[in-house]
Amino acid sequence: MTKLFGTNGIRGVVNEDMNCELALGIGKAWGTYLKKTVIRPKVAIGTDARLSNHMLKNAISAGLLSTGCDVIDVGLVPTPALQYAVKEKDFDSGVVITASHNPPQFNGIKGVASDGTEFSKDVEEDIEKIYFEKKYSLAEWKGVGKLLTWDNAVDFYIDGVLSNVDVDLIKEQQYHIVLDCGNGVGCVATPILLEKLGCKITELYCELDGTFPGHNSEPVPENLGDLIQKVTEVGADLGAAQDGDADRAIFIDENGTYIWGDKTLALAAKYITKEKKGGTTITPVTTSSCFDDVVTENDAEVIHTMVGSPFVARTMIEKKRRFWRRGKRRTHISGDAVLSRFGNGNCKNNGNYGKRKQDVIRVN
Amino acid sequence: MKLDISKHIFRAYDIRGLYEKDISPEIFYKIGLAAGNYVKNVIHGKQIAVGNDIRQSSIPLVHSFIAGVSATGIDIVYTGNTAFGQTLFKGWELKQDLIAFVTASHLPPEWNGIKFYYGDGVGLPEKELMKIRDFTLNNDFDAVGWEKVGDVKSVDPKTSYKNFFKSKFKFNKKLKVAIDCGGASTTLSAPDVFDAVGLDTVHVFCEPDPSFSKRPSEPKPENLTVLVDAVKKNNCDFGVAFDGDGDRSVIVDNTGKILSADETGIILGKYGLAEKKGTIIVNVECSKAVKEQLEPLGFKVKQIPVGHTFLTLEAKLEKSPLGIESSGHLILPEYFLFDDALVVPLKIAEILDNNEKTLGELAAEIPTYPTKKEVIDCDDHIKFDVVERLKVELTKEFENINAMDGVRVDLKNGWVLIRSSNTSPIIRLTTEADNEKILGQLTTQFMDKTEEIIEKFKGESK
């Protein structure tokens, strides 16, 4: 069992349990782990917009550099943008400084493997073991890593999403979307993405602010009163809300009804399995049975995994099944297998299917 | 976090040690916490500029240092990989409360360290540095809550630094200068700035080479043979070599002669300062030629203890036009107080632009006196007492005594300075005289005196 890594990385209250000493040590353990298989690992590091992002990024970078990893700072990015970059680009690993939807006093560290998935439990255990035993392999002065910056991670990600959807079809619809980024890091990507999809956007809390002044960062109904009200007030087609690191999106339909994530997933799965005429779907055991209902209707198989996006992604890789993009080479995890953790992927799919959402919900 | 930190890394002017031996990212994280605490609770400031030299180990060290400062709630402007002058300039321009530069100056590449300056360009005196040392060793600092964590902003100082010099220097002549950066940090500043102000340049080791494989980063005469050849071969008006971080420069005249810091300082004072007034600051090791050459022009010359932090502080207090440290730190406060070595060659170029003579001719007008530097072994536990006793005895014997840093005796035809080393079990004796004969006599006389006192102490301790 891992002591530090929880379901989605290491989390804690800043400068209490989540402090620079921990980050520095984890950086060293991480680098030591990577160096077992790669001579000169390249690690991309990005953060959400929390106030302690720079502090922790500096600390963990120092640890990675001291083991001889090159660190590429990609700045403020949605978690999926970093995952996508790690998968598509020549990075051996990725680090996201984020506490996802937790309150602002929290921060954390998420690990990304070279294929873009979140670290498996095995990797997290290995890193923790190195950390607790302090068996670091440190570079001497001439072997320490270099620090580079890469400013294009967000654009690269937006282009990646656009290349996976029918842009013209979405543009034709001229959707009006109320977007609530909750002052999280989605602000740097989602408005641009939706604009490129020809959507009219009404923004709510789309200014970066690590204190989350708009509302708590978790996109649950009690935090989204303003969004729900705005959707009906302006007569939008859709409302969308993201969590602090924009790896989750939640939707409000045109009547102001909050759609639970499971239903959004089921909605997308329904249409994709229909289009693909079946296939295999992978989802955690906590997913509503509405998911099973809609996909089995389309002759698709369902595999249930333990809870946590790493398990879903790993299972998908292990089964070597293509989930929704059968027959295509680009099967990037965040867009395909882990829809519920891919904030912008959700938005785009709603662009495609949003008009028919009510049908799906009636299924259940 | 429990760490074994040697207090010896904290030196009189800076922090220095061998990477992953005396200093490490963990230790720099703690020094960052201590520096943040110093800014917050001692000088009651809010922000700090941080940069680092080109050494490879500077990267993990600077980022852990920044993490530490940030944890105390102090905001950081990070200037990145720069020459000393670029970071100092940015911190000064942005009126930061403190400026920290990660470097081991001229030491070999396996070393690293950190220097601290205030935002006005004055180096932290030893007393203040020791406060940061004590905070570090005693874990005397607090990490703030999440909402108060310091912000980190990256700012590239290169353009504003270059533009500053462009606004200050204009040349009518086409002057040709050979630049020797030794592959070190001034590769990031000097070639760019010299081009921008319109100097013709010949590059010697101007490609970044963080392991200093082309020449050692100490610009001693024996390390500058390539530069000297380049000056002569290319008929340059002069040449300049920088140390590892760029706080010291050495000027080579058009004949290939390497000038001492004193000679360079005298030329700056004689030809480079429009108004011949004010107090020029020199340390106790400087040649008597400085006083002889500059006082008749209308300047006052004030002696200060050895160390560039005294230089910047005294220059500020005295509103000096020039400061000369015999080790090679030269300051021209008409630009700024900190000892950015880049101003020296630029000022030399300005002097040549306004003067018909060559630098070799100007240098030849300055008398040079023979000097001698001797080292006398003396145990650490008595070396300071020996010098104290010498002060007492020499004060009885001679009239012109300066005891601010060791003891200096000024005589009609020369002078002698006796100081104990801060770091090694030795006492240093420096002599300068009108001629070799007197030099020999003075050296013997004062060496004998010193050894006599050492013997007395040895006898007493038995």
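Predicted model: local features only at pLDDT ≥ 70, side-chain atom pairs only at ≥ 80, totals over all residues.
Residues are numbered from 1 along each chain as its sequence is written, and chains are lettered from A in the order in which they are written. Local features need pLDDT of at least 70, side-chain atom pairs count only at pLDDT 80 or more, totals for chains and interfaces use all residues, and side-chain values use heavy atoms, with hydrogens and water left out.

Start by selecting chain A and switching to cartoon. You'll find 14 helices and 14 strands (DSSP runs: H or I of at least four residues for helices, E of at least two for strands, numbered from the N terminus). Of its 364 residues, 62% are buried (under 20% relative accessible area, 1.4 Å probe, protein chains only).

Now bring in chain B and select the interface. Here 27 residues of chain A are in contact with 26 of chain B (heavy atoms within 4.5 Å). Together the two chains bury about 2300 Å², 68% of it on carbon and sulfur atoms; this is the accessible area (1.4 Å probe) lost on putting the two parts together, summed over both.

Next, pick A:Lys28 and B:Glu26. They form a salt bridge, with the closest N and O atoms 2.1 Å apart (the rule: a Lys or Arg side-chain nitrogen within 4 Å of an Asp or Glu carboxyl oxygen). The rule finds one such bridge across this interface.

Last stop: colour α1 (20-34) and α2 (53-66) of chain A, each supplying at least two residues to the side touching chain B. α2(A) gives the most, with seven residues.

Definitions and conventions: Buried < 20%, exposed > 50% of the residue type's maximum accessible area, 1.4 Å probe, protein only.
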